[in-house]
Amino acid sequence: MTITQTNQITPVILSGGSGTRLWPLSTPEKPKQFLNLMGPLSMFQLTLQRCSDKTIYRNPVIVGSANHVQMMQDQMDEVGATPHTVLLEPCARNTAPAIALAALAATNPTDLLLVMPSDHIIKNIPEFQKAVLESTSVAQSGWLVTFGIQPTEPATGYGYIQQGEPLASSPRSLSAKRFVEKPNQENAEKMLADGGYSWNAGIFLFRADTYLSAMAEFAPEMLEACHSAMNSQRTEQELCFPDSQAFASAPSDSIDYAIMEKAKKVAVTPVNPGWSDVGSWDSLYEISAKDDQSNATFGKTATIASSNNLIHSLKLEVAVLGVENLIVVTHDNKVMILPRGQSQEVIKLAQSLQED
């Protein structure tokens with residue numbers, strides 16, 4: 001599909017997540033999307049740069065928490081990003097209502113929306129852009145497109161999408177046969193062996209009116225609350241404050257549960273763009289550059305006779321000797337140490353300290 005000024009894609013960047021699995025760095029005050037985990041730019045800023053090609057994309061719509069508005073503005077200024085609008089959620093209501101706000105804010109009902117979480121890493125941006133462009137004709141014809149990551153291992157931390165029949169209007173998109181919950185190890189291994197499954201990346205492409213029509217069918221109460229919130233919105237320049245009472249009345253649900261698992265015309269576009277949701281410290285280790293002893297280090301660190309460790313300490317000096325397979329993270333007055341492979345349990349550490 002040739003992108004013209006009239007059919008440019010509107011990026012919708014979701015930045016309201018809390019990122020508790022990357023404690024102690026990620027906190028409610030500064031969740032993981034705003035952290036410089038892998039270099040000078042945050043994942044929020046990298047997401048902005050991913051959709052900066054004005055021959056393809058319009059200015060982005062940002063959906064985030066009112067608690068982070070200054071942080072978002074500062075980080076957008078740092079990379080020269082100009083948003084079309086910033087929709088500030090007065091409370092967290094999961095992804096389905098957040099995306100509804102963006103669809104209701106679209107300039108035209110037929111606008112294509114590329115919905116992306118702001119806390120993912122995509123290393124091969126040209127491959128991702130190619131998949132997006134090859135999916136536009138499917139989305140324009142009324143399909144809800146989700147991007148599926150080609151599995152590299154039987155991961156149990158992701159949901160899966162089973163691929164159906166190829167769609168004639170796209171060189172790579174297929175119908176989505178079914179969504180599969182995060183599996184146990186046995187089922188993950190079986191799906192990988194069977195083939196025809198993708199990891200569910202939580203990245204979507206569809207027309208604004210297609211999404212709103214699906215909401216009217218499958219989540220009418222949610223749509224009504226979002227309509228009411230936007231009808232009573234308050235604006236300050238590019239900032240939009242949906243009515244807090246109306247938005248709070250919306251049921252809290254993800255786009256997968258509320259819409260994608262129920263809708264008839266759902267497509268999946270498989271892609272392998274070097275993607276990670278950086279959902280844990282183990283995930284960060286896997287995608288990070290490593291030294292000759294397979295240590296991934298960030299900040300003021302020294303390793304001696306040590307291997308396969310992740311050490312992240314931007315202010316404190318951390319030195320290790322004779323250890324392996326550890327995760328060591330420091331932030332302010334907090335130090336976290338745990339074995340690699342157990343970082344999905346980090347939230348328990350954060351909760352226990354809060355309780356104490």
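**Entry: Asn 308.** I began in the loop between strand 14 (296-304) and strand 15 (310-321), where Asn 308 is found. This is a predicted model, and in it Asn 308 has a positive phi of about 60° although it is not a glycine. I noted that because most residues other than glycine have a negative phi. With a relative accessible area of 25%, Asn 308 is partly exposed.

**Entry: Asn 94.** I then turned to another asparagine, Asn 94, in the loop between strand 3 (85-89) and helix 3. Its phi is near 70°, again a positive value in a residue other than glycine. Is Asn 94 buried or partly exposed? I have it as partly exposed, because its relative accessibility is 39%.

**Entry: a cis peptide bond.** The bond from Trp 23 to Pro 24 is cis, with omega near 10°. I placed Pro 24 in the loop between strand 1 and helix 1 (43-50).

**Entry: strand 1.** While there, I looked at Thr 10, which sits in strand 1 (residues 9-15). Thr 10 counts as buried, because its relative accessibility is 7%. What does Thr 10 touch, not counting residues up to four places away in sequence? I listed Arg 58, Asn 59 and Val 61, and also Asp 111, Leu 112, Leu 113 and Leu 114.

**Entry: cysteines.** I searched the whole structure for disulfides and found zero. Cys 51 is in none, and the nearest cysteine sulfur, that of Cys 240, is 19 Å away.

**Entry: helix 7.** I wrote down the buried residues of helix 7 (residues 208-218): Ala 208, Thr 210, Tyr 211, Leu 212, Ala 214 and Met 215. Which elements do they pack against? Among the helices I noted helix 3 (95-104), helix 8 (220-231) and helix 10. The strands on my list are strand 4 (112-117), strand 6 (144-149) and strand 9 (197-207).

**Entry: Lys 262.** Lys 262 counts as partly exposed, because its relative accessibility is 40%. I took the C-alpha to C-alpha distance from Lys 262 to Glu 217 as 9.6 Å, for a pair 45 residues apart in sequence. Leaving aside neighbours within four places in sequence, Lys 262 is in contact with Phe 218 and Tyr 257.

**Entry: the whole chain.** Last, I stepped back. The chain has twelve helices and 17 strands, and its C-alpha trace spans about 60 × 50 × 40 Å along the principal axes. A compact globule of 356 residues would have a radius of gyration near 21 Å, and the chain agrees with its 21 Å. Buried residues make up 52% of the 356. Of the contacts with a separation of 6 or more, 68% join residues 24 or more positions apart. The 25 positive and 37 negative charges have mean positions 3 Å apart.

How values were computed
Residues numbered from 1 in each chain as written. Predicted model: local features only at pLDDT ≥ 70, side-chain atom pairs only at ≥ 80, totals over all residues. Heavy atoms only, no water. Helix = DSSP H or I, 4+ residues; strand = E, 2+ residues; numbered from the N terminus. Rg over C-alpha atoms; globule rule 2.2 N^0.38 Å. Buried < 20%, exposed > 50% of the residue type's maximum accessible area, 1.4 Å probe, protein only. Contact = heavy atoms within 4.5 Å. Lys, Arg positive; Asp, Glu negative; His and termini not counted. Charge placed at Lys NZ, Arg CZ, Asp CG, Glu CD. Disulfide = S-S within 2.5 Å.
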